[in-house]
Every structure is written in C-alpha cells, then in structure tokens.
Amino acid sequence: MMKDYHICLSIEEMDPDFARMKHALEKIANVTVVGLSGYSLAGFDIFIGKKMSREILATADQLQLIFAYKTGVDDFPLDEIAKRGIHVINSHADSDFIAQYAFGLGISLTSRIPEFDKKFRRGIWYDHENPYWKSIFEMKIGLAGYGHIGQAIHKILYNNRIDTYTINRGKKYAHIKTVPDLTTLCDTCDMLILSLPKIPATDCIIDREMLTHLKNKYLVNVGRGNCIDLRALFDALSNKELAGAAIDTWNQKPAKDEVDFFPFEVPLHTLDNIVLSPHQAMKVSRGHEQYVTDITKKVISYILTGELSDIVDLQKGY
C-alpha cells in the first residue's frame with residue numbers, strides 16, 4: 001500500500017505551471033500550497049520550493065526530502081539539512097539552454113557585436129583604432145565547471161570543432177582535454193567559461209592574481225556571481241589586461257520592479273569590453289515550465305517507485 005505523503009509546495013504565486021504540478025501531485029499525495037516565507041513544515045514529508053530559511057527548517061518534524069525547482073541550492077541551509085539526514089534533489093532541466101546562452105555571450109564578446117551596436121547608434125561606422133573582431137572558432141576554450149551546464153557547453157563547442165579543455169577532477173571525459181588546475185586552464189586557453197556553483201571554495205576564485213593568467217584573453221560567467229572579484233575585473237578590463245568579459249550572474253539582485261539598479265560598486269557599465277547580462281541565461285521561454293515539469297516527474301517517480309535522481313551532495317553544496 002502506498003504511503004500517504006504530505007507535500008508542502010512553496011511558491012510566490014500560482015501560475016499555470018504550478019497549477020499543473022499541484023493537479024498531478026494531488027492524484028497521489030496531499031498537497032498544501034504556501035508562500036515563500038511565514039509557514040511551518042510540521043507534518044510534511046516532502047518540501048518543494050526554491051529556498052528555505054533555517055527558522056522554517058526548524059519547524060520540520062518528519063521531513064524526508066526537499067525538491068528544488070531550480071539548479072542552485074545555495075538558498076537552502078545545507079549544513080543543517082545534512083545533519084537531519086534529509087536529501088535535496090535539484091533540477092538541471094535548463095542546462096542546454098544555459099549552455100546556449102553562454103555560447104552566445106562568448107560569440108557576442110569576441111565578435112564585439114554589442115560594442116559595434118552601441119557605437120553605430122552614435123553614428124560611428126568604423127573603429128579606426130581597433131576595427132577587427134576575433135573568431136571564437138579559432139580559440140581554445142576552457143571550462144571551469146564540468147557539471148550538467150559545463151558538459152552541455154562542451155557539447156556545443158565539440159559540435160563546432162572548437163578545442164576545449166577542463167580541469168581533471170576524476171570524472172568521465174570524452175573529446176575534451178584536461179589540465180591539473182585552474183591556473184593551468186587559464187594559461188592554456190583563450191577564453192575561460194565559468195559554470196561553477198556558489199560554495200566557499202569558489203568565492204573570488206577569479207581574483208587579481210588569477211586574472212594575470214588571462215592576459216589578453218576572455219572571461220564568461222554563467223555560474224554564480226561570487227566567483228569573480230569585480231573590482232579586480234574592472235581594473236583588468238580598464239587597463240586592457242583582460243581582452244573582454246561577459247557576465248550574467250551577480251552577487252546582488254534588485255527588488256521586484258526596482259529600476260536603475262546596478263549589482264556592482266565599480267562602473268563596469270562604462271566599459272566597452274564587457275557584455276553585461278542581468279541573470280538571463282536561465283530565463284529562456286518555457287524555462288520555468290521545464291524546471292517545474294522536471295521536478296513534478298521526480299516527485300511522482302519517488303512516490304511511486306522510491307527512485308531518486310540528481311541528489312545534491314550536501315558536503316560539496318552541488
């Protein structure tokens with residue numbers, strides 16, 4: 001006989017995707033919908049949401065599983081969750097689309113498309129000092145981060161016959177060259193693409209020293225904003241030590257409907273050799289639907305078969 005599961009679904013608002021999730025889960029479990037804060041987890045076996053505070057976790061008395069309808073899980077108190085023996089499952093449904101966006105950022109950066117566009121809008125037809133752009137197809141690309149997103153980026157690069165490298169961390173590697181560490185990766189490649197998680201080990205991993213190994217090269221970030229020392233990045237771009245950067249993720253986010261918001265204390269927006277993107281890689285059309293659909297399938301699979309996939313390593317944080 002199937003267990004009578006009680007599910008807490010934490011959402012900001014009930015949209016059509018969450019409505020379909022609720023309808024599907026209610027066929028096999030009891031579902032209670034709550035907001036993003038101010039609720040209790042007492043009596044719930046399964047939690048579905050995008051974040052959780054320590055205070056809310058403290059109210060849980062029988063919680064077994066947490067399903068995050070996104071990839072990053074740094075909005076959850078993973079250390080306390082681990083102590084309680086609770087599993088966290090996330091989604092990688094949009095990895096291919098984030099990889100596509102990363103590739104697009106790389107092409108836009110090396111082709112100087114945003115720069116040419118801004119100049120042309122001011123009536124500048126020709127850059128006499130620096131008229132040329134560079135082809136990404138002639139570069140060596142380094143991937144710092146070789147999880148779902150990194151592997152999806154590699155697939156695009158491989159299909160375009162672009163020479164690609166990553167750090168050897170003992171995983172299975174095919175059609176990609178490996179180097180022992182990040183410094184060697186920076187020294188070897190013409191462009192570094194970051195898809196790293198937000199964990200203590202990645203805080204400012206691209207610092208002033210590491211940027212010296214990217215002299216006259218390019219940097220793209222679709223991972224987490226904590227990975228880059230932004231002041232060091234600004235200095236390297238201003239001094240033309242770094243050829244260019246394309247950044248999609250930041251340490252700060254605006255409040256809902258906030259305007260005139262810049263997530264940096266240095267004037268990166270004044271530079272021509274950087275492509276600025278407001279965390280758009282995961283905002284692909286139907287992206288939210290795919291995350292919600294993926295997690296719905298995983299919850300149903302667990303309830304019906306006991307099988308789990310994409311279990312987060314709580315010690316590593318991803």
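Reply: Two strands are said to pair if DSSP finds at least two bridges between them. The model shown here is a predicted one.

Me: What makes strand 6 and strand 7 a pair?

Reply: Strand 6 (residues 140–144) and strand 7 (residues 163–167) are joined by four bridges. The definition asks for at least two bridges, so the two strands pair. They run parallel, and Leu143 stands opposite Thr166 in strand 7.

Me: Why is strand 6 described as largely enclosed by the rest of the structure?

Reply: Strand 6 has five residues, and four of the five are buried; therefore the strand is largely enclosed by the rest of the structure.

Me: Which strands are joined to strand 4 by bridges, and how many bridges are there in each case?

Reply: Strand 3 (residues 46–49) is joined to strand 4 by four bridges, and the two run parallel. Strand 5 (residues 87–89) is joined to strand 4 by three bridges, again in a parallel arrangement. Phe47 has Ile66 of strand 4 as its bridge partner, and Leu65 stands opposite His87 in strand 5.

Me: Which way do the residues of strand 4 point, and are they buried or exposed?

Reply: In strand 4 (residues 65–68), Leu65 and Phe67 point one way, while Ile66 and Ala68 point the other way. All of them are buried. In a regular strand the side chains alternate between the two faces of the sheet.

Me: Why is Ser10 called buried?

Reply: Ser10 belongs to strand 1 (residues 6–10). Its relative accessibility is 1%, and buried means under 20%, so Ser10 counts as buried. Leaving aside neighbours within four places in sequence, Ser10 is in contact with Val34, Gly35, Leu36, Tyr39, Phe47, Ile48, Gly49 and Tyr69.

Me: Why is Ile162 called buried?

Reply: Ile162 is in the loop between helix 6 (148–159) and strand 7. With 5% relative accessibility against a limit of under 20%, Ile162 counts as buried; the value therefore settles the matter. Residues that Ile162 touches include Phe103, Ile136 and Met139. The C-alpha atoms of Ile162 and Met139 are separated by 7.0 Å, and the two residues are 23 residues apart along the chain.

Me: Why is Ile176 also called buried?

Reply: Ile176 is in the loop between strand 7 and strand 8 (177–179). Its relative accessibility is 12%, which is under 20%, so Ile176 counts as buried. Among the residues it touches are Leu143, Tyr146 and His154.

Me: What caps helix 9, and which residues of helix 9 are buried?

Reply: Asp229 caps the N-terminal end of helix 9, with a side-chain oxygen 3.2 Å from the backbone nitrogen of Arg231. In helix 9 (residues 230–238), the buried residues are Leu230, Ala232, Leu233, Phe234, Ala236 and Leu237. What covers them includes helix 8 (208–211), strand 10 (218–221), strand 11 (244–247) and strand 12 (274–276). Just after helix 9, Lys240 takes a positive phi of about 60°.

Me: What is the volume of the second largest pocket, and how is its lining made up by class?

Reply: The volume of the second largest pocket is about 470 Å³. Of the 23 residues that line this pocket, the closest to its centre are Arg112, Glu115, Asn130, Ala243 and Asn273. By class, the lining has nine nonpolar, seven polar and seven charged residues.

Terms used: Residues numbered from 1 in each chain as written. Predicted model: local features only at pLDDT ≥ 70, side-chain atom pairs only at ≥ 80, totals over all residues. Heavy atoms only, no water. Buried < 20%, exposed > 50% of the residue type's maximum accessible area, 1.4 Å probe, protein only. Contact = heavy atoms within 4.5 Å. Polar contact = N/O pair within 3.5 Å; in protein donor to acceptor, adjacent residues only side chain to side chain. 1 Å grid on protein atoms, 1.4 Å probe; cavity = no way out; pocket = protein on both sides within 12 Å on 5 of 7 lines; lining within 4 Å. Points joined across faces, edges and corners; volume = space filled by probe spheres on them. Nonpolar A, V, L, I, M, F, W, Y, C, P; charged D, E, K, R; others polar.
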